[in-house]
2 protein chains.
Amino acid sequence: MRKFYVLVALFGMLLTSMSAQTFQGELLSEYVDPRIGSEGLGRVFVGPSCPFGMVKPSPDCTVHPNSGWLPMPEQVNGFAQVHVSGTGGGPKYGNVLITPFGSGMDRTEHIDYREYENIRLGYYDTRFKQSGIRTEITTAMRASFYRFTYPADSLKSLAIDAGFFLGESPVPDAREAQQFVGSEIEILSDREVAGYTRIRGGWNNGRAYTVYFYAETDKPFVKSATWKGDHITNDAYQYDSYEKTGALLRFADSDTVVQVKVGISFISSRRAQVNAHANIPHWSFETVRRDLVRQWEQLFRTIQISPRTPEAQKRMFYTALYHTMLMPVDRTGENPLWNDPEPYYDDFYAIWDTYRTSSPLITLIDPQREVDIIRSLVNIYKRDGYMPDARSGNCNGRTQGGSNAEIVIADAFVKGLRGIDYEQALQAMLKDATVPPGGNEEAEGRGGLVPYRELGYIPYGIPRAGNRTIEYSYCDYAIAQVARGLGKEDLYQEYLKQSGNWKNLWRSDYEHAGVKGFIMPRDADGNWLDQLPFGNSKLQKPTFTYTPVTFEGPWYTPWWDMFFYEASSWEYSLSIPHDVPGLIAQCGGSEAFEKRLDIFFDDGFFNVNNEPSFLTPCLYHWIGKPWRSGERIRQIIADNYNDTPMGLPGNDDSGAMSSWLAFHMIGLYPNAGQDYYLIHAPLLEETTFYLSNRKQFKIIARNLSDTNCYIQSVTLNGKDYPYSALRHKDLMAGGELVLVMGDRPGAWGNELGLNN
Amino acid sequence: MRKFYVLVALFGMLLTSMSAQTFQGELLSEYVDPRIGSEGLGRVFVGPSCPFGMVKPSPDCTVHPNSGWLPMPEQVNGFAQVHVSGTGGGPKYGNVLITPFGSGMDRTEHIDYREYENIRLGYYDTRFKQSGIRTEITTAMRASFYRFTYPADSLKSLAIDAGFFLGESPVPDAREAQQFVGSEIEILSDREVAGYTRIRGGWNNGRAYTVYFYAETDKPFVKSATWKGDHITNDAYQYDSYEKTGALLRFADSDTVVQVKVGISFISSRRAQVNAHANIPHWSFETVRRDLVRQWEQLFRTIQISPRTPEAQKRMFYTALYHTMLMPVDRTGENPLWNDPEPYYDDFYAIWDTYRTSSPLITLIDPQREVDIIRSLVNIYKRDGYMPDARSGNCNGRTQGGSNAEIVIADAFVKGLRGIDYEQALQAMLKDATVPPGGNEEAEGRGGLVPYRELGYIPYGIPRAGNRTIEYSYCDYAIAQVARGLGKEDLYQEYLKQSGNWKNLWRSDYEHAGVKGFIMPRDADGNWLDQLPFGNSKLQKPTFTYTPVTFEGPWYTPWWDMFFYEASSWEYSLSIPHDVPGLIAQCGGSEAFEKRLDIFFDDGFFNVNNEPSFLTPCLYHWIGKPWRSGERIRQIIADNYNDTPMGLPGNDDSGAMSSWLAFHMIGLYPNAGQDYYLIHAPLLEETTFYLSNRKQFKIIARNLSDTNCYIQSVTLNGKDYPYSALRHKDLMAGGELVLVMGDRPGAWGNELGLNN
């Protein structure tokens, strides 16, 4: 038991201070490989970052990639300080680019190529082919740290580009492209440069945001210049005239190693300076990295897996936890919009992606963090009018489907997270559910709310009518949960009723691939539509055929305005997390439902790389066959996830994919907004949660192997546990869940056991 | 004719360059008295300002007054650089306070009292009682200029307070109160201080805005300190930690005269520095003021009145022109939100006030300016989603009634202003008219649009249902005008029809004070309401009685959410500027209408100090009795307007009251959105317009006197002119309108003559 107490103590430190203890035994953070999911569709951020870190330095390889980084041999423009992880759509950030170079100070751009790359948690290392300069990067919460090693026989130059950003487009005002607003730079002394970049637009088509910076070097510049546009001068500063600016610095020939701190702020460059000095009051690269590793290690130690776990699984698991905690970013104290004591988080990108598994996972690892995140959501409602579904650059500005912050709140509420004003949170939820956002209906709240309330569904013609209808009904269920918990019976009944609205788009007699009943487009008069109109031409009325496999409309229809967002009716028609029994009934009962699920997975209607189908593999639980869920999950992971750079099958979406994987490896899967986890055959033979209440909960899969992947029986704290779902409160009570595994389906788990 | 050519030439310079010519003869700007309308309700800004000037330095006397200034003996906190003029509601701005003082550097606040005040156009002068320090102020467009004269035997100290602002409230998040966000200050050298103030809220409940400054002195500081909160230190700067900051400066004992430039920017403090140096590249107080005076003089010379005009009338007239051109403010190149070549204006405060007379007057004085203002409105639609009805601090955020930018556009369109993309402008108008703003329906666009379109009126319960209904119908008329002009017949018909919606709230059988037919509250089912409900209590259903004289509800109902905004049904029921003939019909014909107007004015239903009744005195024109309009106007002006500090009967509202006065003194009154002026007995015997097309138009009132105040006959360019309205194109054609005056009503003017 000694180890247990040590770890409980460690957990205490996690919650209380960033103390300087070193960890016993192997470092779990050693298993994190930032390259997992960095290539292909994954798009994860590969550079160093603290948990929920505001500063994320990384190479920027052209202006195109969402995370800044692309695999070798792609060019490197330099290293920008702010990035996002795993996102799709138009890029955001990529601000304040610093680039070491060895030539004269006659150009503003210094593209080079990588000779090698060494990427580890909190550490990025590369050498440029042309200049031979080595760049090592680590970071603190609000300041990045660079060590440049120059060849002895080259010039020692550094460029700081306040005009660079990702997603620049030649098309004026291109949708989702970042647009340049202004920049400024100033050489403060022979070791300090400050300034800012001001950008608008990007993925969430947001208002202007400003990234202020303060860069300090450990060696003096022997020469410096600044630029505006293409014009390089000796001026100490370039003021903002809506042009791109930057600085060129030269160090002494003897300075083969130069270190740079880059403090970042969204308030002012002096604030960035304070962040740099407060975060990094020294010049030790190793200390910065050690502090970063410790923060992660403390988090990882809250979920420990058997040392006997295969290396690949260890790497997949802890990297998944790592990905889950890269975003949203903690900008408390860095909010230029208002000034109050509440936490402030930005880069919810997007909650539509993360509410299903990321939030529940953070709630288990670091509940206080989740409380702070939710407080910031509610405070954004109070100050800006609506909670975001997505927010970036201090601006709500994008909804993908529902107003899913409501589900995040319900999830916290039913799991008993304390420290949230749930009465105010309910007001925020009700604002979404009752006040049309109007103006730009894509930005926040619930677009199409008026017909949704009048008709009980959103008629075709309003963008994303299909998934908005079913997701709003899920959000309504979330409201009902909180209302009931707060003793508001009328509200509960009202929203519970509305939560059935998804049925209004259920076309029972529609048959496809041998399955009956799909969520299909309907007009305001209640007619089902097989031919969907598009465009507003008064002359011709062009249409296209819509079927349950239609994913996008014709190329000339904006795909984000389709009936369903990023998925087909086959997927969404199985995506009713709040009323699976109701869904089974709609589908014609258990037998038909099982058949439907089998066709879904076997005939290729399942789309592993998108969130709407996250829960679907587990739906077999509701027909008393959790072993079939287990089979599907095992197969999906085997086919799509691994510990390589291609190890994620889709955009990680701020850790959504990764957290889905982490839960399934453990053998528990949450149904966000509800207070239980589905139990299925894990990939990990033993997992121990070191909980915030200082209890521990252990899951043991006895005799687990590739063939013994069926649960025969389960005991909870020694007692027989026949149910295939586990209440959150039972997990938080601590104890031991033992799964006895065998090589064929067992009798266990005919019921979820949620009615007790 | 020589004088004519000189003046044409002058006008040319006005449009082309700010050349250095001096003016022949008396300076019209000498007649401007900034104190007119500064006391009582007028609230005009008294400090120096360029036309549409971004920088408006003025004393700030406590944090309460909207313009910063209050009459002696009120205390003076110091002199802030940004203010608005004539506004009601919660204050805005009052940023970057500089205060000379003679004591030690041990306090952050230095309140003093005025010994005297000398206020003239472009010049403010006072001496403090306690310190004996004299402060003289003038200003350029984007930088203010101060001359402080210290007593020989006192310390020479100056405080720069980056934390001060107007409208601070002890109530957290009080509506319309400005809220502090952050501030920063830095001593750059022994003659330079820079920093910023970041504030949110205020009258338009707007998002955060940042006022950056750069202050430069002509004498070095011998000592300096900075403060944060109450803590004074020797630090060279105070970074932004959401606290109030400032600087204390000390000059040498021998420096009895110290001059200070304060550059302002909404982009950055370096930009503020550039503004300071570009606007004022010297240290001559007189030169700064002379440049300012020249800008005004060139504008005033476009409307010249007879030298024989009584002094008081000259002062009232040119001060009225002056007030009309203080706002909105030209912030082209100072927009932190986006970056494009379009003009950018801010502080539309509010178009609801100014569209009636201010915009038409600017169109006559400086049409290019009006074009730029409208381009900025359309560009705000393009970038922010809606044109503002009110905008301040770079944020739409308030509508009072209609979406009245539409009328401003229609006014420019029917008057043939060139250089505006009217197709895009129409799109902006249609956005207002078709897309509900949602979220905060008070911020922009048309609140209550959905029922307005469904029912043809806005039912009671939606804030400002009454005036919104009639103002939207007026805005619809504006859309119809532009649509027709652009050849969109369908749109024209559709919106012309909608422009009759005001009739849907006309309660024909409702009688009050002997008059029948009023615009009255109606519910969604079409029932007329005499008892208005308020509040949402489910238990009791409190109501209050609504009548045509009801102005505000009970104290516990927010007055800005009443049925009518800032006026009674008596006023609004006569406020249908786009369909006066229709209104007369509703009122029961000419005779009943005249009786109604008489009761309105004689029995005290007329409210001189608010815009909804601006046109009402002229309504006699439509029943063929322009002489009765003339009588009313003369009486209203005599009773309510004069050349004293109490000379304005209500909030000047960015020049709305003043421009109403100016038109009536000339004897022409515009009906905004339509292409004519109503002719009535002027107060001025001769007025000459020096028009942008280099023509001139002269109005002569022959034999005008206090008794000869009735028009007997009119000739236009020598020909008999029987009509009581003059087309804008006839004015722009140049020529001479001669009014022969007599001591009793003449036969002239039975018809408006608009049907020819």
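## Where chain A meets chain B

Between chain A and chain B there are 26 residue pairs in polar contact, both residues at pLDDT 80 or more; a polar contact is a pair of N or O atoms within 3.5 Å, where within protein one must be able to donate a hydrogen and the other to accept it, and residues adjacent in sequence count only if both atoms are side-chain atoms. Strand 9 (178-187), strand 10 (192-201), strand 11, helix 2 (269-279) and helix 7 (367-384) of chain A each give two or more residues to the side that touches chain B.

This is a predicted model, so to speak: local features need pLDDT of at least 70, side-chain atom pairs count only at pLDDT 80 or more, and totals for chains, interfaces and linings use all residues. Residues are numbered from 1 along each chain as its sequence is written, chains are lettered from A in the order in which they are written, and side-chain values use heavy atoms, with hydrogens and water left out.

The two chains also share 6 salt bridges, a salt bridge being a side-chain nitrogen of Lys or Arg within 4 Å of a carboxyl oxygen of Asp or Glu. Take Lys382(B) and Asp173(A): they form a salt bridge whose closest N and O atoms are 3.9 Å apart.

Definitions and conventions
Helices (H or I, at least four residues) and strands (E, at least two) are DSSP runs, numbered from the N terminus.
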